[in-house]
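Me: I would like to go through a protein model step by step. Please show it, and then I will ask about its parts.

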Amino acid sequence: MKRSRINEIIADADEMIRSHGFSLPPFAYWTPDEFRARAAEAQHVIDTRCGWDITDYGAGRYAELGLFLFTLRNGILSDLQRGGGMCYAEKLLISQQDQLSPMHTHVIKAEDIINRGGATLVIELFGSDDAGGFAEDRGGVVWCDGIRLDYAPGQKLRLAPGESVTLRPGDWHAFWGEGGDVLIGEVSTVNDDETDNIFREPIGRFSTIEEDTAPTHLLVSDYAAAF
């Protein structure tokens, strides 16, 4: 993806987030220079990869296959492993109309996916085989706003604003906006996007960036080189 396009996506996403009454934390608006100057005090933000995250899954077709994310807070895996401390994470996502976030599951993370506003969020579900792999012929169990739902393989949930679903490791899922763009909330256990996204197809989680202009704000994928 071109950096100029990423800057545009950030600006558009910020406008949509504000239009739904949400405000991002102050570090969201730091320039790259300010972020570097404040790196010591922002070490937790850097280490847990909070901040702007935009991906086209390496395919170069963001409008068709992509996702906007902002990680608001994230816990520490060691806390999760010992069963105490900061064991949670929270994100805002934007799924554009007909923009696919491809079929995947997680090994560790359980998550609530919440339609925070906009159009309808469609989530397609499949279960796992005995080894945890994608199973075209298996369904499973999820909870929609706390109500149990036994889903058939390939069943599509349609979440209106305010509705949510709880997904656990082994629930394979893909999602997209239907009828317009959707602002999504994600509340989960500790999030590790580098190792805990298991895709059905061999695709990349992060984009390769063409630096055609300077970044407005750093992405989480910029942190390794920036700090």
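What follows is a set of questions and answers on this predicted model.

Me: Which residues of strand E10 point the opposite way to Ser 164 and Thr 166?
Reply: In a regular strand, side chains alternate between the two faces of the sheet. E10 covers residues 164-167, and its residues are all buried. Ser 164 and Thr 166 point one way, and the other way point Val 165 and Leu 167.

Me: Which residue in E9 is the bridge partner of Ile 123?
Reply: Strand E9 is made of residues 155-159. E5 and E9 pair in the antiparallel sense over five bridges. For Ile 123, the partner in E9 is Leu 157.

Me: Which residue in the turn between E5 and E6 has a positive phi?
Reply: Strand E6 consists of residues 134-135, and two bridges join E5 to this antiparallel strand. Among the paired residues are Gly 127 and its partner in E6, Ala 135. E5 and E6 form a hairpin with five residues between them. The residue with a positive phi, of about 90 degrees, is Gly 132.

Me: How many residues does E11 give to the lining of the largest cavity?
Reply: The structure holds three cavities of 30 Å³ or more, and the largest cavity has about 140 Å³ of space. Its lining has 18 residues, with Leu 67, Leu 69, His 104, His 106 and Asn 197 nearest the centre. Strands E2, E3, E4, E5 and E11 each supply at least two residues of this lining. E11 gives the most, and its number is three.

Me: How many residues in the lining of the largest cavity are charged?
Reply: The lining is divided by class. Seven of its residues are nonpolar and five are polar. The number of charged residues is six.

Me: Which residues lie nearest the centre of the largest pocket?
Reply: About 250 Å³ of space lies in the largest pocket. By class, its lining has five nonpolar, six polar and seven charged residues. There are 18 lining residues, and nearest the centre lie Thr 48, Asn 74, Asn 191, Asp 192 and Asp 193.

Me: How many disulfides does the structure hold?
Reply: A disulfide is a covalent bond between the sulfur atoms of two cysteines. For this structure, the number of disulfides is zero.

Me: How far is Cys 50 from the nearest cysteine sulfur?
Reply: A disulfide needs two cysteine sulfur atoms within 2.5 Å. Cys 50 is in no disulfide, and the nearest cysteine sulfur is that of Cys 87. The distance is 15 Å.

Me: Is Asp 14 buried or exposed?
Reply: Asp 14 lies in helix H1, which covers residues 3-19. Not counting residues up to four places away in sequence, Asp 14 touches Leu 24, Tyr 29 and Trp 52. Its relative accessible area is 15%, so Asp 14 is buried.

Me: What separates the C-alpha atoms of Ala 226 and Arg 36?
Reply: Ala 226 is part of helix H5, residues 223-226. Leaving out residues up to four places away in sequence, Ala 226 touches Arg 36 and Leu 218. Ala 226 and Arg 36 are 190 residues apart along the chain, while their C-alpha atoms are separated by 7.2 Å.

Key
Residues numbered from 1 in each chain as written. Predicted model: local features only at pLDDT ≥ 70, side-chain atom pairs only at ≥ 80, totals over all residues. Heavy atoms only, no water. 1 Å grid on protein atoms, 1.4 Å probe; cavity = no way out; pocket = protein on both sides within 12 Å on 5 of 7 lines; lining within 4 Å. Points joined across faces, edges and corners; volume = space filled by probe spheres on them. Nonpolar A, V, L, I, M, F, W, Y, C, P; charged D, E, K, R; others polar. Helix = DSSP H or I, 4+ residues; strand = E, 2+ residues; numbered from the N terminus. Buried < 20%, exposed > 50% of the residue type's maximum accessible area, 1.4 Å probe, protein only. Contact = heavy atoms within 4.5 Å. Pairing = 2+ DSSP bridges.
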